[in-house]
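Here's a friendly walk through a protein model. Have a look at the picture, and then we'll go through it piece by piece.

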Amino acid sequence: MSALTYLAEAAVDPKAQQNIAAASGAGIAYGLAAIGPALGIGYLVGQAVQAIARQPESAGQVQTTMFLGIAFTEALALIGFVVFILLKFV
Amino acid sequence: MTDVAEPLAVDGPPPAWAVAIDMAKRSVWLLPVLVIVSAAFWGMDGVLSSVYALGIVICNFLLAAWLLAIGGRIGPAVMGGFALIGFLLRLGLIFIAVMLVKDAAWVELVPLGITLVVTHLVLLFWEMRHVSSALAFPGLKPGPTPNPYLPTPDSSSTTPTA
């Protein structure tokens, strides 16, 4: 009941509408921004494990480049997180 | 046919850990730049927020490397699992770390967010340049410095001359 009341109030209050839009936008932005890096890291690690299985002697080099690749891919999620912060709290 | 995972054939310290330590050392060079830029635009609160964000980035790298090192010691599949679980775990930890301080009086969210992204990328590009140079020209890569006081396998005299 309280949620319905809040929605009814929000329908007429521009400030509440703005808050709802900001919260929704922030949540969608962060959620979408986390999907891409998750797929990227999964693919990257899968390929790295395959490379190590084919050439175990190059495991060191593969792990080094894999770590850098993971960190680069993760930067996308961090950008999404920063957008989330800026939309929600600034 | 047995599906026992063999430990990864890596000599010395785990590569991911070595890279993360290297990036943590390089971040010391970034610190003065961060302090000057943040102080110029956001004052003391900006400096504190930037330093906090830099700490988050370094902890994130070290935690990722530690998880990969542990997983790599057990087996390739575990390393893959740790990489994916670690991604979710670290995103959650960064979220918590920022949420804990977002209402603090000394926090400026804009420099904190900018520092999070920029230092992450700058440290990565810097390290990538170093790693690609080391891969392209292995002779230039500095090796471990031998200790003159430890015996070597091919020499009988272990006392160094002054």
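This is a predicted model: local features need pLDDT of at least 70, side-chain atom pairs count only at pLDDT 80 or more; totals for chains, interfaces and linings use all residues.

## A word before we start

Residues are numbered from 1 along each chain as its sequence is written, chains are lettered from A and ligands numbered from 1 in the order in which they are written, and side-chain values use heavy atoms, leaving out hydrogens and water.

## A trio of charges in chain B

D22(B) is buried, and R26(B) is too. Their side chains meet in a salt bridge, 3.0 Å from N to O (the term means a side-chain nitrogen of Lys or Arg within 4 Å of a carboxyl oxygen of Asp or Glu). D22(B) and R26(B) sit four residues apart in helix α1 of chain B, so about one helical turn separates them. Helices here are DSSP runs (H or I, at least four residues; strands are E, at least two), numbered from the N terminus.

R26(B) has another partner: E127(B) forms a salt bridge with R26(B), with the closest N and O atoms 2.9 Å apart. This pair links distant parts of the chain, as E127(B) is in helix α3 of chain B and R26(B) in helix α1, 101 residues apart. E127(B) counts as buried because its relative accessibility is 2%, and R26(B) is buried at 13%. Shared partners join D22(B), R26(B) and E127(B) into one salt-bridge network.

## Where the two chains meet

How much area is buried between chain B and chain A? About 3,200 Å², with carbon and sulfur atoms giving 86% of it. Buried area here is the accessible area (1.4 Å probe) that two parts lose on being put together, summed over both. On chain B's side, F87(B), L91(B) and L109(B) lose the most area to chain A, together 16% of what that side buries. The contact (heavy atoms within 4.5 Å) takes 39 residues from chain B and 34 from chain A.

The count of salt bridges between these chains is one: E74(A) pairs with R90(B), their closest N and O atoms being 2.3 Å apart. The largest share of the side of chain B that touches chain A comes from α3(B), with 13 residues. Both E74(A) and R90(B) are buried. N60(B), in helix α1 of chain B, touches E74(A), R90(B), I94(B) and H120(B), leaving aside residues up to four places away in sequence. N60(B) counts as buried because its relative accessible area is 5%.

## A nonpolar patch

V28(B), W29(B), I114(B), V118(B), V122(B) and W126(B) make a nonpolar surface patch of about 590 Å². The elements giving two or more residues to the patch are α1 (15–74) and α3 (109–136) of chain B, and α3(B) gives the most, with four residues. Patches use residues with over 30% relative accessible area and no salt bridge, joining like charges within 9 Å and nonpolar side chains (Val, Leu, Ile, Met, Phe, Trp, Tyr) within 5 Å.

Buried or exposed: which is V28(B)? V28(B) is exposed, because its relative accessible area is 56%. L30(B), also in helix α1 of chain B, counts as buried at 14%.

Note on methods: Accessible areas come from the Shrake-Rupley method with a 1.4 Å probe; for residues, only the protein chains shown count as cover. Buried means under 20% relative accessible area, exposed over 50%, partly exposed in between (1.4 Å probe, protein chains only).
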